[in-house]
Amino acid sequence: MMSKGKRIVEVLTNENPDAIIYDDMDDALIGVYRNTTNGSAGSYEEALAVYSYVKFIQVYIERDGMSEEEAVEFFDFNVAGGYIGEYQPMVIDDTGV
């Protein structure tokens with residue numbers, strides 16, 4: 001049986017081959033965001049990857065052996081800290097604060 005993350009990757013690559021998907025972070029994928037855009041060529045829908053912040057941190061802790069503080073710092077610098085393209089994934093802050 002295919003994992004939820006792998007199913008989401010499959011949907012994304014079918015709906016928007018340009019969608020940016022983080023390598024080896026399928027466990028943090030939680031869904032697909034579909035945005036309808038109106039442009040000069042008409043209306044179209046773009047699909048973007050949606051990740052869980054909490055799951056991102058859990059992956060770094062469990063898979064990479066980071067402490068929670070290291071995982072948060074790594075995320076802040078390497079994921080949240082930059083623009084990587086038009087179809088950049090969304091990360092939902094699901095910490096409950």
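Colleague: Why is the pairing of lysine 6 with aspartate 26 called a salt bridge?

Modeller: In this predicted model, the closest N and O atoms of lysine 6 and aspartate 26 are 3.1 Å apart. The cut-off is 4 Å between a side-chain nitrogen of Lys or Arg and a carboxyl oxygen of Asp or Glu, so the pair counts as a salt bridge.

Colleague: What makes this a link between distant parts of the chain?

Modeller: Lysine 6 sits in helix H1, residues 4-15. Aspartate 26 sits in the loop between H1 and strand S1 (29-39). The two are 20 residues apart.

Colleague: Is aspartate 26 buried or exposed, and how do you know?

Modeller: Its relative accessibility is 19%. Buried means under 20%, so aspartate 26 counts as buried.

Colleague: And why is lysine 6 called partly exposed?

Modeller: Lysine 6 has a relative accessible area of 46%. Buried is under 20% and exposed is over 50%, so 46% falls in between.

Colleague: How do you know that arginine 34 forms a salt bridge with glutamate 15?

Modeller: Their closest N and O atoms are 2.8 Å apart. The limit is 4 Å, so the pair qualifies.

Colleague: What does the pair of arginine 34 and glutamate 15 tie together?

Modeller: Arginine 34 lies in strand S1 and glutamate 15 in helix H1, so the pair ties together parts that are 19 residues apart in sequence.

Colleague: Which class do arginine 34 and glutamate 15 fall into?

Modeller: Arginine 34 is at 40% relative accessibility. Glutamate 15 is at 38%.

Colleague: How many salt bridges does a search of the whole structure find?

Modeller: Three. One of them joins the side chains of aspartate 64 and arginine 63, at 2.8 Å from N to O. Aspartate 64 is partly exposed at 38%, and arginine 63 is partly exposed at 43%.

Colleague: Which residues have the most contacts inside the largest nonpolar core?

Modeller: Met25, Tyr51, Phe56, Tyr60 and Phe75. The core has 19 residues. H1, strand S2 (42-52), helix H2 (53-64) and helix H3 (68-78) each give two or more. H2 gives the largest share, five residues.

Colleague: What does methionine 25 touch, leaving aside its neighbours within four places in sequence?

Modeller: Methionine 25 is in contact with Tyr51, Phe56, Val59, Tyr60 and Arg63. Arg63 also meets aspartate 64 in a salt bridge.

Definitions and conventions
Residues are numbered from 1 along each chain as its sequence is written. This is a predicted model: local features need pLDDT of at least 70, side-chain atom pairs count only at pLDDT 80 or more; totals for chains, interfaces and linings use all residues. Side-chain values use heavy atoms; hydrogens and water are left out. Helices (H or I, at least four residues) and strands (E, at least two) are DSSP runs, numbered from the N terminus. Buried means under 20% relative accessible area, exposed over 50%, partly exposed in between (1.4 Å probe, protein chains only). A nonpolar core is a set of buried Ala, Val, Leu, Ile, Met, Phe, Trp, Tyr and Cys residues joined through side-chain atoms within 4.5 Å. Contact means heavy atoms within 4.5 Å.
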